Amino acid sequence: MNIRKKPFQPMQTVLVREIWQGQVWTARPMILVQDADLIVLYWVPGTSWMRARSHQDGEVSVVDRKMHNWKLHNDIWRGAGALRLSIPGAKYSVLIFCNVDGTLSNWYINLEYPLKRTKHGFDYIDMILDIIIESDLKTWRWKDEEEFQDAQNLGLISPKEAKMFRTEGLKALKLLQSAKSGFNGWEHWKPDPSWKIPILPEGWDTV
């Protein structure tokens, strides 16, 4: 896919895709809020998106990941609004999930290789392991540790990568808990109620 050089414009629909072993794993149309030293994207409630599912319409196991034994399934984002905050070049993004009334539900650190800018938006490689932080920024836990270990056992993630991403996750957590990072404060942001639900652009499945 062609690489876009110019920044995207506020309120523009952008395509955010997770790529796994050269194939689309998830594809989400999101609204661009800010494209600067912090990239901010908004996931609108009710958005139709594509996600990997097993051929039995369940979650994809790590073994199935390794064997490419999965398909893309159309789904609807049933949650309340969510923000995705990314520092260009960082090996993680911070997600802010909201309650139905717009208040903060929880923070989420998504460990990933840095976003790559594309013609339509951004691609990234998710590294399975995540951190969930409660709204008070004190209570937190790792997410998907068992799957993360299974991926190492199967050779999908190297020991070096595993160590690096755990370290990156803890660094991101410490930064967020300082309450002085570029992420802090965005939990108070509110979307424009007039924004329409974005749709996947033509060519969303072309890598």
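## Exercises on a predicted model

With a relative accessibility of 36%, His68 counts as partly exposed. The model is a predicted one, and the exercises below begin with this residue.

**Exercise 1.** Classify His68, Met11 and Leu137 by accessibility, and place each residue in the chain.

*Solution.* The classes rest on two cut-offs: buried is under 20% relative accessible area, exposed is over 50%, and partly exposed lies in between.

- Step 1. His68, at 36%, is in the partly exposed class. His68 belongs to the loop between α1 (62-67) and β5 (71-76). Its phi is positive, near 55°, in a residue other than glycine.
- Step 2. Met11 has a relative accessibility of 55% and therefore counts as exposed. Met11 lies in the segment before β1. Although Met11 is not a glycine, its phi is positive, about 75°.
- Step 3. Leu137 has a relative accessibility of 14% and so counts as buried. Leu137 sits in the loop between β11 and β12 (140-143).

**Exercise 2.** Describe the surroundings of Leu137 beyond its sequence neighbours.

*Solution.* 

- Step 1. With residues up to four places away in sequence not counted, Leu137 touches Trp107, Leu176, Gln177 and Asn184.
- Step 2. Between Leu137 and Asn106 the C-alpha to C-alpha distance is 8.5 Å, while the two are 31 residues apart in sequence.

**Exercise 3.** Determine how strand β1 is paired, and whether it is enclosed or open.

*Solution.* 

- Step 1. On one hand, β1 pairs with β2 (residues 23-35) in the antiparallel sense, over eight bridges. Within this pairing, Val14 has Met30 of β2 as its bridge partner.
- Step 2. The hairpin of β1 and β2 has two residues between the strands, and Gln21 in this hairpin takes a positive phi near 50°.
- Step 3. β1 also pairs with β10 (residues 121-124), in the parallel sense and over four bridges. Here Leu15 stands opposite Gly121 of β10.
- Step 4. Seven of the eight residues of β1 (residues 13-20) are buried, so the strand is largely enclosed by the rest of the structure.

**Exercise 4.** Characterise the largest pocket by its volume, its lining and the strands that supply that lining.

*Solution.* 

- Step 1. The largest pocket holds about 760 Å³ of space.
- Step 2. Its lining consists of 27 residues; Glu18, Arg28, Trp49, Tyr108 and Lys143 lie nearest its centre.
- Step 3. By class, the lining comprises 14 nonpolar, eleven charged and two polar residues.
- Step 4. At least two lining residues come from each of β2, β4 (48-53), β6 (82-86), β7 (92-98), β8 (104-112) and β11 (126-134). The largest share, four residues, is that of β2.

**Exercise 5.** Identify the nonpolar cores and examine the contacts of Ile109.

*Solution.* 

- Step 1. In soluble globular proteins, nonpolar side chains tend to be buried together.
- Step 2. The largest nonpolar core in this model has 41 residues, and those with the most contacts inside it are Leu83, Leu85, Trp107, Ile109 and Trp186.
- Step 3. This core draws at least two residues from each of β2, β3 (39-43), β6, β7, β8, β11, α2 (145-153) and α3 (159-177).
- Step 4. Apart from neighbours within four places in sequence, Ile109 is in contact with Tyr92, Ser93, Val94, Asp130, Ile131, Ile133, Gly169, Ala172 and Leu173.
- Step 5. A second, separate core has 18 residues, including Ile39, Trp49, Leu115 and Phe122.

How values were computed
Residues numbered from 1 in each chain as written. Predicted model: local features only at pLDDT ≥ 70, side-chain atom pairs only at ≥ 80, totals over all residues. Heavy atoms only, no water. Buried < 20%, exposed > 50% of the residue type's maximum accessible area, 1.4 Å probe, protein only. Pairing = 2+ DSSP bridges. 1 Å grid on protein atoms, 1.4 Å probe; cavity = no way out; pocket = protein on both sides within 12 Å on 5 of 7 lines; lining within 4 Å. Points joined across faces, edges and corners; volume = space filled by probe spheres on them. Nonpolar A, V, L, I, M, F, W, Y, C, P; charged D, E, K, R; others polar. Contact = heavy atoms within 4.5 Å. Core = buried A, V, L, I, M, F, W, Y, C linked by side-chain atoms within 4.5 Å.
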